[in-house]
Amino acid sequence: MKTLFKNFGILGAAGIALISCDPKIDTPTPSVDGKIDVSNYISIGNSLTAGYASNGLYLEGQKVAYPVLIAQQFKLAGGGEFNAPLFAANESDGTGYLRLDGFLSATSPILTSVPRDPDAVAGKSAFAYNASLNPDSIILKPYSGPTNHNWGVPGIRVADIETAGYGYPNSYFGRMLTDAEKPTASYAAKVLSQNPTFFTCWLGNNDVLGYSTAGGAELIAQLTPEADFTTKYKKFITDLTNLPTKPKGVLGNIPDVTSIPFFTTVGPGIKLSLPASVPAFYEFKFDSVLNKVLTIINNPGNPGVTILDTTKGSPVLTSRIASLNSATGTFEGDVFFTLTFSPYAGDLGKPKGAAWKAIIKTVMKQYGLPSALEPVIWANSGLDTTQPFGFSHRNPVPDVFVLNSAETAKARAAVAAFNNVIQTTATEHNLGYVDANSYLKSITKGAYYDAISTNSSFLSGGAFSLDGVHLTPRGNALAANEFIKAINAKYGTKITVLNPGQYRGVTFP
Amino acid sequence: MKHPISFLACCALVGTQAFAGGYQVALQGQRQIGMAHTGVGLAYDASSIFFNPGGLSFTKTNNITFGGSIIRSRVRYLAPQDASAPSNYSTMTNSPLGTPFTFYASYGPKEGKLKFGLGVYTPYGSSVKWEDDWKGYSVLQELKLQSIFIQPTVSYKITEKLGIGVGFVYSIGSVELRKGIGSLSGADGFSSALLKGDASGMGFNAGIHFQASDKLSIGASYRSQVDMKVDGGDATFKVPASSVSPLGLFPSGGTKFDATLPLPATATIGFGYKVNDKFTLALDYNYVFWSAYKELKFDYEKPVNGALSTASPRKYQDASIIRVGAEYMATEKFAVRAGYYFDQSPVKDGYMTPETPDANRNCFTLGLGYKITDKFSADASFLFIEGTEREQKQSDIDANSASNVAGGGKPSQDSFLAGTYKLRVLIPGLSLSYRF
């Protein structure tokens, strides 16, 4: 018996010894391989770079902004500290944001506005007004943490980067500056003064996006002229690469704005629901509304003008509304409805005026008109909301909700021209290039990351937040990976990528 | 919104194939395990009920044997690597220990030609547990599969050289599968689904034993396919409330599901050769009809993501196993054993799942036997399984998915995770036998 136990004992001991040897696979070590210097990495860009999401800039979004994720991967490869200009813990709601609170029905989400954090606000200034970015003219409290590395400024266009005192109209930039810097600092100068050793630059989206999300209403936002874009972009990148630190970096291009859920969500449903007897709907172009509104303000008793010249309602062909071709996986068509039109999409064909009511309220707010003027404006509007909405030129769809064929063509031409500038600049300065435009098209077609389906569907697609323009944490991880790939491809580094599936999409209640 | 919110493609539930090549770990007799789990060509004892019912009538005594093993299985995973997108993400399963067991009893008149037997054993079973938030959580978080085969058997010695036998198999078992739903984030994190059900199935095990000479014996056996049917299992979902109502993506309170998991047929030919009184060699060749496993399909009573069923392709291929083992009687009472077998993976490129990240395996065995008395003996074994490192390429997954779509199916990228997998399994075991 003794021998028996002894021998079984040996077998058992051998077994225990083997248990400690788990299977192993050679795992790469993250490394910049001496090819780039990421000790002082800064990120240059707009709202996407800032971590803006769901219509607001707030702490949770800032923490997962793609540059923050890139810096996290740099750090594994020996990178330095990277500080984003985070809202303090007591300011965590930031400028406020949208939250998905439920669904009225399977197809209508309840999006609640989380109010801006009072602790994040220093005051108000007429200088700070911006219809889409900052309609309440808010001045944000200055950022007071350690040296900022994330220079993502929501709303900034290439057109704005040389503007001295830009911190006043754009409080997102203003909060990154000291009071002394505010009157004179331009974005470009401030960024250059950081002397980065490495940078990512994803600018230019807003030079097209503002015009597009305003439905091509040039009264609200214009495309940046190509010459202006070219001059400022090239000068900025030249100055950047000529800094004494000789920074290396990558440039991101501009995605086709019409591939984001903001434009692809509402239209296809409208296209399906419009009866065959309605081959076209009416859109109203805003062209000269401003002057007419001013006339009314000046002569409230008897302005003698009709704001909307409804005889000019322009027919838009239903057949051109863009929708997904399931065979090719691409959006075909060149008429887009904005996500902001979704509350009114069901009004089409009905005697309703809710869309116009909202527009008039917005215009009145923008020009600070007393509410007493509202009936005057209505009376002089030329609208007849007893007519079927959209189907009659007396009750057309407001300009701001529709990007029609001509406007789409203009926006796409601008994207192509600007991307050409970005790509040639990257080549001229031997920088990396992120083709965000092609990448976003692959998302539109649908892709899988970590075995999770990701596409540009609103809410369920995973990559886009509740505003249909900006990214979810998962979208930021995907963007970070695209930048990292471009860096590795350009410089031969071994920066490791993130697992996008470990970041959330839209949070469902 | 006019836009219909569709999760159809996002979070189709896919299942598992737990009992696959990898987890069809052969552990049906301690003496045989020590010799690479050969035994179809040898008539040892009541364990012939499993190995070859034809050989049971050649066993010299009546016999009761009871044994068990402890499986410690680990799978290492490394995220896919690309020149411009390397990843240092690596993780390992932390699966609980598996404890398969065997019980065999045989009885027949001492000098008779007929033997009866009863076998209760666990030929398939698995326990795989990944971290809840690992990279592939949307494919699988945890899987537990258990099956117990109950096999009454009769064996008849037609001549002094030829015996046949057949057993009827009734199988009971259970399956429990938990996976994340990465496309649906809630306030408490990612959603998940749990499928849990009892399964049963039937089959048979038949064999023939031929004593060619004093030294050489030959056996052939055929174990039939057993379709393990889950009838009325429970599918429950940990998902945000809004996805249940009003979105209706998931049924309130969960739903019932049916599924069938084919445990494939195995045909074996085995040889036993007694070199001398002390030294025995054995060789077995298994052919496993894995091609029966084409897809894993779940049928739901109420729609899940708008569908009453989900199917994930598996498209296994038949696979072979070659086993060689030896036993040496060191003393009258002591036997030492060793063996090696090569287990070919039934999983084609691009079809590896985290349930069975299967690859060709090299398996090494050691064993000891000790005759405590004339009637009692004890056997111990140690099995070491080393899976070859296997890379699953995203391009293979995509190509397979495209062919699935072309065949009228759905994209299947949600069932597979690219990356490199490596398996290592350690299995000690022990049994006691009583002869009468």
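Which residue in strand 8 of chain B is the bridge partner of A:Phe508? In this predicted model, the partner of A:Phe508 is B:Gly186, and the pairing to which these residues belong joins strand 19 of chain A (residues 507-508) to strand 8 of chain B in the parallel sense, over 2 bridges.

The interface of the two chains was then examined as a whole. On the side of chain B, 66 residues are in contact with 60 residues of chain A. The size of an interface is often given as the accessible area lost when the parts come together. For chain B and chain A, about 5,200 Å² is buried between them, and 67% of this area lies on carbon and sulfur atoms. Across the interface, 14 residue pairs are found in polar contact, with both residues of each pair at pLDDT 80 or more. The side of chain B that touches chain A draws two or more residues from each of several elements, namely strand 2 (72-78), strand 3 (90-92), strand 8, helix 4 (241-244), strand 19 (361-371), strand 20 (376-387) and strand 22 (419-435) of chain B. Of these elements, strand 22 of chain B gives the most, with 7 residues. Sorted by class, the side of chain B that touches chain A is made up of 39 nonpolar, 16 polar and 11 charged residues.

Salt bridges were counted both across the interface and over the whole model. The rule finds 2 salt bridges across the interface of chain B and chain A, whereas the count over all chains comes to 31. A salt bridge also connects the side chains of A:Asp22 and B:Arg72, with a distance of 3.0 Å from N to O.

Within chain B, strands 7 and 8 are linked by charged side chains. B:Glu142 and B:Arg178 form a salt bridge in which the closest N and O atoms are 2.9 Å apart. Because B:Glu142 lies in strand 7 (residues 142-157) and B:Arg178 in strand 8 (residues 162-186) of chain B, this pair ties together parts that are 36 residues apart in sequence. With a relative accessible area of 12%, B:Glu142 falls under the 20% limit and is therefore buried. A salt bridge is likewise found between the side chains of B:Glu176 and B:Lys144, at 3.9 Å from N to O. This pair, too, links distant parts of the chain, with B:Glu176 in strand 8 and B:Lys144 in strand 7 of chain B, 32 residues apart. Both partners are classed as partly exposed, B:Glu176 having a relative accessible area of 22% and B:Lys144 a relative accessibility of 34%. Elsewhere in chain B, salt bridges that share partners join B:Arg31, B:Glu327, B:Arg337 and B:Asp379 into one network.

In chain A, strand 2 (residues 97-105) pairs with strand 3 (residues 108-114) in the antiparallel sense, over 7 bridges. The two strands form a hairpin with 2 residues between them, and A:Ser105 stands opposite A:Ser108 of strand 3.

Methods
Residues are numbered from 1 along each chain as its sequence is written. Chains are lettered from A and ligands numbered from 1 in the order in which they are written. This is a predicted model: local features need pLDDT of at least 70, side-chain atom pairs count only at pLDDT 80 or more; totals for chains, interfaces and linings use all residues. Side-chain values use heavy atoms; hydrogens and water are left out. A salt bridge is a side-chain nitrogen of Lys or Arg within 4 Å of a carboxyl oxygen of Asp or Glu. Helices (H or I, at least four residues) and strands (E, at least two) are DSSP runs, numbered from the N terminus. Buried means under 20% relative accessible area, exposed over 50%, partly exposed in between (1.4 Å probe, protein chains only). Contact means heavy atoms within 4.5 Å. Buried area is the accessible area (1.4 Å probe) that two parts lose on being put together, summed over both. A polar contact is a pair of N or O atoms within 3.5 Å; within protein, one must be able to donate a hydrogen and the other to accept it, and residues adjacent in sequence count only if both atoms are side-chain atoms. Ala, Val, Leu, Ile, Met, Phe, Trp, Tyr, Cys and Pro count as nonpolar, Asp, Glu, Lys and Arg as charged, and the others, Gly among them, as polar. Two strands pair if DSSP finds at least two bridges between them.
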